[in-house]
Amino acid sequence: RDPVAYHESDLDLLEFASGPVAVLIERLRAESALRDSEANFRSFIRESAEGIVFTDPNDILLTVNREFQRLFGYSADELVGRHNNVIVPEELRAESDSLVVQAGEEKMLKIDSVRRKKDGTLIDVSIMGVPIRRDDKPIGTYWVYRDLSEQRRAESLQSVLHEITKAATSRGDLNDVMTIVHQQISTLFDASNFFVCLYDEGLEQYYFPYFVDEQEEIDPNQR
């Protein structure tokens, strides 16, 4: 008997087995691709430059990435299993609850709001909610948090510079201009004690055309 020849019954058996084997191979390939895809997605979430969490339908934190922990000052152990309102100021709880309800209705969300760090500091954030379904059932929501602090500071600085420029080109006297400058700078940081010092090269003297101090007073014409 030729060792490489197949009988009709052998061919029938091979043909019968080839279908299920092919299906099995395709399923294994699909599962492998899915595992790779899920691993890549988890890596993306973990290393993202934006704070990302995944919550269940009751808004309980299931996963938190590194940036979220850094942004709000909590460790993963302090967050997983807790309600996502741990970062929500009391006065914004109703807003947060409304977002969860909308996510449950499978609505993609985007809102600018304020959230609270572990140390109590309030920060401006952009929040995006992405509802997730599996087997046609809602299983939770990905929440993406972007820190808007730098953007807000830049906007405030731009506004202050605009107001100072407008005051400087007005016809008001120097004291009026300095008062506006003081008021605008106070919107950026504490300027309770503030003065403007000028130097007269001819007289080699300093003088203070504008001076505000919580405890002292000074004659603006003093040199």
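In which sense do β1 and strand β2 pair, and over how many bridges? They pair in the antiparallel sense, over three bridges, with β2 covering residues 61–64. Two strands count as paired if DSSP finds at least two bridges between them.

Some housekeeping. This is a predicted model, in which local features need pLDDT of at least 70 and side-chain atom pairs count only at pLDDT 80 or more, while totals for chains, interfaces and linings use all residues. Residues are numbered from 1 along each chain as its sequence is written, and side-chain values use heavy atoms, with hydrogens and water left out.

Now the chain as a whole. Its secondary structure comes to six helices and seven strands. Helices (H or I, at least four residues) and strands (E, at least two) are DSSP runs, numbered from the N terminus. In sequence order the pattern reads α-β-β-α-α-α-β-β-β-α-α-β-β. The chain has 223 residues, and 26% of them count as buried. Buried means under 20% relative accessible area, exposed over 50%, and partly exposed in between, with a 1.4 Å probe and protein chains only. The accessible surface comes to about 15400 Å², with 52% of that belonging to carbon and sulfur atoms; the areas come from the Shrake-Rupley method with a 1.4 Å probe, and for residues only the protein chains shown count as cover.

Next, the sheet. Five strands form an open sheet in the order β2-β1-β5-β4-β3, with antiparallel pairing. At the edges are β2 and β3 (109–116), each of which pairs on one side only. From one strand to the next, the twist averages 30°. Axes here are lines fitted to C-alpha atoms, for helices over the stretch in contact, and angles run from 0 to 180 degrees between N-to-C directions.

Back to β1, residues 51–55. Five of its five residues are buried. Gly-51, Val-53 and Thr-55 lie on one side, Ile-52 and Phe-54 on the other, so defined as buried under 20%. Toward β2, Val-53 stands opposite Val-64. The two strands form a hairpin with five residues between them, and Asp-59 in the turn has a positive phi of about 70°. β1 also pairs with β5 (residues 137–147), antiparallel, over five bridges; there Phe-54 stands opposite Tyr-142.

Finally, β3. Eight bridges join β3 to β4 (residues 122–134), and the two run antiparallel. Lys-110 stands opposite Met-128 in β4. Helix α4 (residues 93–104) packs on the sheet and touches β3, β4 and β5. Its direction makes about 145° with that of β3. Contact means heavy atoms within 4.5 Å.
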